[in-house]
Amino acid sequence: MNREWVEKDFYSILGVSSEASQDEIKRAYRKLAQQLHPDANPGDTTAEDRFKDVSEAYATLSDPEQRKEYDQVRRLASTGAFTGGGGGFGGQQFRVEDLSDLFGGGGLGDLFGGGRRRPTGAGPVRGADAAADLNIAFEEAVSGVTTSLQVRGQATCTHCGGSGAEPPSRALTCPTCGGSGSIAQNQGFFSFSEPCPQCRGSGRIIENPCTVCRGAGVEVRTRSIKVRIPAGVKDGSTIRLAGKGGPGRNGGPAGDLLVKVHVTPHPVFGRAGNDLTVTVPISFSEAALGTKLSVPTMNGAVRVKIPPGTKSGKVFRVRGKGVNAERGRAGDLLARVEIQVPGRLSKDEKRLLEQLASYDTDEMRAHLDPYLGGLADRDSASPGGS
């Protein structure tokens, strides 16, 4: 266990509460990292130190397992469990890390990682995951597309390759800690590990810092990243691009880039799962007499037979004309017909409709007669509605 887990409040450093969600912690880190990055504060050592503190806090709290251990250690420290007097246990000193081996089956062993040691500051650290949004057209979501996404954020310094040293120089192994990044400090009968004061926990000494990143090994820049969107992707889906997130430290792997896909609505087509939907207007005569209609699909038109007596709202299914997703079954086209009533009539249209109305009967509303009382007779006597 690192002594700084006891002495530093990582939540306070990031400006969040101890109950903060992982998303809140990520947002706080990204905001502070942008404000404190060496590129934004050239020559400001205070901002540089805070940037390192913020990065250390996020490295611990962004990992659910390490965050759990950190919270447990902080709770135990608040009870005074780490304050020792004399040598304790016959004057013998123990490293806090060694307690996990001593109690490996449970109890304190679970508290300190079940016999597993937490990596020191000099070990490889995985980069943080990054997030981005991508807007695509409806057609691209249906058929799939490969596109480019512009992402601005921390990336490995292109000048020094992430080493932090100005080429052709190289970083040297810290002589104080031997490259481990930590040294032991005694406190009572416990021995704590804390970051090496000479290399600040990195395990390396950079005598000639990179002129671009000033020794940080990372820079803020815009990257063009190729993204393959599979056919059938849905609005709001998240695509994970492995290794395209924030840069790792000390040789650690880069994080992932989480791309949230936003699909622009289509003016004609809708979507229900892998089925495409479309509304097709038809006239009263087409619904009554039946017809054949040309119905659009995403790859050409198809002919659909409308039988006589079709009601408004009837849905016709055209097999295999929906979304041909890479995962799941291919969808269908669902064509919903809707009878259109003209808003304005010419004299000839009105005359023909009045002639047609003379054949109307009240049989269609016969089931309502018991609930209409005397109104039913008056409706029958005024077919024109007046």
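Q: Which residues is Leu 257 in contact with, leaving aside its neighbours within four places in sequence?
A: This is a predicted model, and in it Leu 257 contacts Ala 130, Ala 131, Ala 132, Leu 149, Val 151, Ile 225, Ile 239, Arg 240, Leu 241, Lys 244 and Gly 245.

Q: And which members of the largest nonpolar core touch the most other members?
A: Leu 257 is one of them, along with Ile 136, Leu 149, Ile 229 and Val 295. That core has 38 residues. Apart from it there's another core of 18 residues, including Tyr 11, Leu 14, Val 16 and Phe 51.

Q: How do strand 9 and strand 10 run, parallel or antiparallel?
A: Antiparallel, with four bridges joining strand 9 to strand 10, which covers residues 257-263. Arg 240 stands opposite Leu 258 in strand 10.

Q: What about Val 263, buried or exposed?
A: Val 263 sits in strand 10. Its relative accessible area is 16%, so it counts as buried, the cut-off being under 20%.

Q: What does Val 263 touch, not counting residues up to four places away in sequence?
A: Ile 136, Ala 137, Phe 138, Ala 141, Lys 234 and Asp 235.

Q: Switching to helix 3. What span should its 15 residues have at 1.5 Å a residue?
A: Helix 3 (residues 22-36) should span 21 Å, and its end C-alpha atoms are 21 Å apart, which agrees.

Q: Which residues of helix 3 are buried?
A: Ile 25, Lys 26, Ala 28, Tyr 29, Leu 32, Ala 33 and Leu 36. Seen down the axis of helix 3, they fall within an arc of 165 degrees, so they line one face.

Q: And what's exposed on the other side of helix 3?
A: Arg 27, Lys 31 and Gln 34.

Q: Last one: how many helices and strands are in the chain?
A: There are 11 helices and 16 strands. Of the chain's 386 residues, 34% are buried.

How values were computed:
Residues are numbered from 1 along each chain as its sequence is written. This is a predicted model: local features need pLDDT of at least 70, side-chain atom pairs count only at pLDDT 80 or more; totals for chains, interfaces and linings use all residues. Side-chain values use heavy atoms; hydrogens and water are left out. A nonpolar core is a set of buried Ala, Val, Leu, Ile, Met, Phe, Trp, Tyr and Cys residues joined through side-chain atoms within 4.5 Å. Buried means under 20% relative accessible area, exposed over 50%, partly exposed in between (1.4 Å probe, protein chains only). Contact means heavy atoms within 4.5 Å. Two strands pair if DSSP finds at least two bridges between them. Helices (H or I, at least four residues) and strands (E, at least two) are DSSP runs, numbered from the N terminus. The expected span of a helix is 1.5 Å times one less than its number of residues. The arc is that of the directions from the helix axis to the C-beta atoms.
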